[in-house]
Amino acid sequence: METKVLIKRGLHNNIIDAFTSYFDSEKIEYVVADTLDTIEKDITDIIYICDDMNKDEISIKEKIPLIFVSNTKKIIETEDCVINYIVTELVEDNNHYSDVQKEYLFTKGIYHIFLQKVQELLDNKDNYHGMLYDMTQIKLAPYNWIFHFDSISDTYYWLSKKNQSIKEDFVRRAINFCSDKVYDDSLREINYLTEKIMDIKKGRKSMDLFIGTKEELKILKSNYFFRALLKNISSTYHIYLIDKKKLEEKNPSMMEKVLDGICIYDDCIYRDTYEDEISLGYVDCNQEVIEEYQHYFDVLKKEYGYQIRSEGDMDEFLK
């Protein structure tokens with residue numbers, strides 16, 4: 001019989017979003033309800049979220065395995081069904097998180113640990129009854145809001161998904177360094193760049209800064225995808241070139257800050273780190289970091305950027 005979970009919620013907070021996100025990704029059927037008054041016949045498991053310890057004890061009407069999630073230890077005396085427990089402060093987590101912060105928490109942070117335990121209790125391969133996981137000593141907030149990827153494929157997948165989710169009025173901004181690792185001929189890179197060009201053709205707002213020596217930029221000019229970007233310069237897509245030698249001479253600390261490249265989004269930045277051969281880069285969700293790199297972008301564009309409006313402008317810059 002396929003698993004179908006009834007989630008009895010308390011207050012609607014982040015723990016509900018964590019469950020729905022996880023079950024959607026795992027293709028597990030679920031129903032979210034405010035009470036246990038009506039239980040569909042195909043329900044195989046119940047998750048009961050209790051965020052008010054003054055509630056009356058649960059009256060189980062069906063012999064359905066139950067996971068009881070509460071903020072303090074509370075044992076239900078019954079022989080009618082299998083009940084296991086998770087004690088966690090997540091039931092009271094009403095903090096506002098950005099979408100990318102939620103993604104971090106649900107896939108890397110405490111919610112990820114919590115959901116692993118939930119799945120273990122749903123599977124219940126060892127026939128647990130009365131098992132209690134106490135997670136109250138695990139910090140809700142992460143040490144930082146930086147997360148890495150497990151592979152290069154995961155990196156490209158995340159970037160593609162993130163770019164597709166950007167709001168229509170948001171201007172995507174990127175700081176690019178010329179490198180033999182940029183615009184290579186890998187299938188992942190080709191797919192990523194093809195998506196980028198299609199977005200530009202659709203009128204999605206974006207700006208690219210390209211930092212390199214004149215020699216590096218001359219090589220980049222002959223690249224197929226870069227030439228496609230040049231051809232699609234418009235009122236919604238802008239390109240700026242920055243002389244790497246000049247920037248290194250005038251403002252070496254800033255150049256160090258933006259190596260090896262940055263994508264700036266509304267709720268995070270993605271940073272290339274070419275020395276990391278496993279994932280290519282990482283995501284930082286700290287608000288102060290986002291604002292810091294928005295500032296760096298504006299300074300680089302205003303003080304060092306040379307706007308390209310046509311291929312002829314690039315030829316002029318490269319003289």
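Threonine 88 has a relative accessibility of 0% and therefore counts as buried. The model in which this value was computed is a predicted one. Threonine 88 sits in a loop, the one that runs between strand 5 (83-87) and helix 2 (99-107). A polar atom of the threonine 88 side chain lies 3.0 Å from the backbone nitrogen of leucine 90. When neighbours within four places in sequence are set aside, the residues in contact with threonine 88 are Val69, Ser70, Asn71, Phe114, Met135 and Thr136.

The loop between strand 5 and helix 2 also holds serine 98. Is serine 98 buried or exposed? Its relative accessibility is 18%, and since buried means under 20%, serine 98 counts as buried. Tyrosine 143 is 45 residues away from serine 98 along the chain, and the C-alpha atoms of the two are separated by 17 Å.

Helix 1 (residues 14-26) packs with helix 3 (residues 110-123) at an angle of about 60 degrees, and their axes are 11 Å apart. Because of that angle, helix 1 is oblique to helix 3. The crossing of the two helices is right-handed. On the side of helix 1, the contact is made by Asn14, Ile15, Ala18, Phe19, Tyr22 and Phe23. Helix 3 contributes Tyr111, Phe114, Leu115, Val118, Gln119 and Leu122. Sorted by class, the residues in this contact of helix 1 with helix 3 are 10 nonpolar and two polar, with no charged residues.

From helix 4, the contact involves Ile152, Ser153, Tyr156, Leu159, Ser160, Asn163 and Gln164. From helix 5, Arg188, Glu189, Tyr192, Glu195 and Asp199 take part. By class, the contact of helix 4 with helix 5 has four nonpolar, four polar and four charged residues, whereas the contact of helix 1 with helix 3 has no charged residues.

Note on methods. Residues are numbered from 1 along each chain as its sequence is written. This is a predicted model: local features need pLDDT of at least 70, side-chain atom pairs count only at pLDDT 80 or more; totals for chains, interfaces and linings use all residues. Side-chain values use heavy atoms; hydrogens and water are left out. Helices (H or I, at least four residues) and strands (E, at least two) are DSSP runs, numbered from the N terminus. Buried means under 20% relative accessible area, exposed over 50%, partly exposed in between (1.4 Å probe, protein chains only). A polar contact is a pair of N or O atoms within 3.5 Å; within protein, one must be able to donate a hydrogen and the other to accept it, and residues adjacent in sequence count only if both atoms are side-chain atoms. Contact means heavy atoms within 4.5 Å. Axes are lines fitted to C-alpha atoms, for helices over the stretch in contact, and angles run from 0 to 180 degrees between N-to-C directions. Angles under 35 degrees count as roughly parallel, over 145 as roughly antiparallel, 65 to 115 as roughly perpendicular and the rest as oblique. A crossing is left-handed if the near helix is turned anticlockwise from the far one by less than a right angle, and right-handed if clockwise. Ala, Val, Leu, Ile, Met, Phe, Trp, Tyr, Cys and Pro count as nonpolar, Asp, Glu, Lys and Arg as charged, and the others, Gly among them, as polar.
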